[in-house]
Amino acid sequence: MKCHNCYAIIPDNSVICPYCDAQQFRNAEKKYMSELEDIHDDLEDLDIEGNKTFWRGIRLSLLLTLAIIALMCFIGAGKYKAEKALELAEDNIRIEKLENAYTWYDRNVDKLDELYAKRDFEGITSLLYELENYDVIGLWEHYDISIFYREKIEDLYEAMELVEDYDGYGTYSIAKGMASALEIIYEEDLKTIFY
């Protein structure tokens, strides 16, 4: 091929003449078009790779989201199981306490009746203090009098502590009045008074 400017013989693919530095337009256009085509191919490849990367990212995000959801479900299920196990343990403790209370009641109901027949309300009260669960004592037919006595005797002891500083005779009067009131209630049967 000849340079179009200096007419020197140059290689066929030359874009610039090595002798006069003149640009060879046909070869420059061919080179430009070839490079443009390469860029176009690269852009297509880049678009395909970009799509692959985009969808790979979507899949990864989806998998990560599903893994987090699965982990949260697993943690929630574990927490639920732990709460249920705790509730079951608490129920077992309540059942055991109730069974112990029924056992105590079965062993002591005759003694309570005996103390009631003797009008030994203090003995009844001290025996009831052994009981941890008061739910079962409601089964006893004289339950109301025992509760009344226990509450009132505590009030009496408080009053006696206050009066003790004032007058020994006052303490005796309060105790005697309380005992008389309990005897009346015993005779009248507390259930008919309150119900």
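Q: Which element of the protein has the lowest mean pLDDT, and which the highest?
A: This is a predicted model. Helix H5, residues 190-194, has the lowest mean pLDDT, at 45. Helix H1 has the highest, at 86.

Q: Where is the pLDDT below 50?
A: Over residues 189-195. That stretch has nine contacts in the model beyond near neighbours in sequence.

Q: How should I read coordinates where pLDDT is low?
A: Not in detail.

Q: What does the protein average?
A: The average pLDDT is 77. At least 70 is the score for 73% of the residues.

Q: OK, new topic. How many helices and strands are there?
A: Five helices and zero strands. Along the sequence, the pattern reads α-α-α-α-α.

Q: Where does helix H1 run?
A: Helix H1 covers residues 25-117. Helix H2 is 121-128, and helix H3 is 143-164.

Q: What share of the residues is buried?
A: Of the 195 residues, 25% count as buried.

Q: What about contacts between residues at least 6 apart in sequence?
A: Of those contacts, 40% join residues at least 24 apart.

Q: Let's talk rings. How many aromatic pairs does the structure hold?
A: One. Tyr116 and Trp140 form the pair. Their centres are 6.1 Å apart, with 85 degrees between the planes.

Q: Why is the pair called edge-to-face?
A: Planes over 60 degrees apart count as edge-to-face, and the planes of Tyr116 and Trp140 are 85 degrees apart.

Q: Where do Tyr116 and Trp140 sit in the chain?
A: Tyr116 is in helix H1. Trp140 is in the loop between helix H2 and helix H3. The two residues are 24 apart, and the pair links distant parts of the chain.

Q: Is Tyr116 buried or exposed? What about Trp140, buried or exposed?
A: Tyr116 counts as buried, at 9% relative accessibility. Trp140 is buried too, with a relative accessible area of 2%.

Q: Switching to charges. How many salt bridges does a search of the whole structure find?
A: Four. One of them joins the side chains of Lys31 and Glu35, at 3.9 Å from N to O.

Q: Where do Lys31 and Glu35 lie?
A: Both lie in helix H1. They are four residues apart, about one turn of the helix. Lys31 is partly exposed, with a relative accessible area of 44%. Glu35 is partly exposed as well, at 40%.

Q: Which residue does Arg94 form a salt bridge with?
A: Asp91. The closest N and O atoms are 2.2 Å apart. Because Arg94 and Asp91 are three residues apart in helix H1, about one helical turn separates them. Asp91 is partly exposed, with a relative accessible area of 33%.

Q: And what do the side chains of Glu114 and Lys118 do?
A: They meet in a salt bridge, at 3.7 Å from N to O. Glu114 is partly exposed, with a relative accessible area of 46%. Lys118 counts as exposed, at 58% relative accessibility.

Q: Which residues make the nonpolar surface patch?
A: Leu64, Ile68, Leu71, Met72, Phe74 and Ile75. The patch is about 650 Å².

Q: Tell me about Met72. Where is it found?
A: Met72 is found in helix H1. Met72 is exposed, with a relative accessible area of 53%.

Q: Back to helix H1, then. Is Asn27 buried or exposed?
A: Asn27 counts as buried, at 10% relative accessibility. Asn27 lies in helix H1.

Q: Which residues does Asn27 touch, not counting those up to four places away in sequence?
A: Met1, Asp12, Asn13, Ser14 and Val15.

Q: Last topic: backbone angles. What is the phi of Tyr7?
A: Tyr7 has a positive phi of about 60 degrees, although it is not a glycine. Most residues other than glycine have a negative phi.

Q: And what is the phi of Asp21?
A: Asp21 has a positive phi of about 60 degrees, and Asp21 is not a glycine.

Q: Where are Tyr7 and Asp21?
A: Tyr7 is in the segment before H1. Asp21 is in the segment before H1 too. Tyr7 counts as exposed at 57% relative accessibility, and Asp21 counts as exposed at 61%.

Methods. Residues are numbered from 1 along each chain as its sequence is written. This is a predicted model: local features need pLDDT of at least 70, side-chain atom pairs count only at pLDDT 80 or more; totals for chains, interfaces and linings use all residues. Side-chain values use heavy atoms; hydrogens and water are left out. Rings of Phe, Tyr and Trp (its six-membered ring) pair if their centres lie within 6.5 Å; planes under 30 degrees apart count as stacked, over 60 as edge-to-face and the rest as tilted. Buried means under 20% relative accessible area, exposed over 50%, partly exposed in between (1.4 Å probe, protein chains only). pLDDT is the predictor's confidence in each residue, from 0 to 100. Contact means heavy atoms within 4.5 Å. Patches are made of residues with over 30% relative accessible area and no salt bridge: like charges are joined within 9 Å, nonpolar side chains (Val, Leu, Ile, Met, Phe, Trp, Tyr) within 5 Å. Accessible areas come from the Shrake-Rupley method with a 1.4 Å probe; for residues, only the protein chains shown count as cover.
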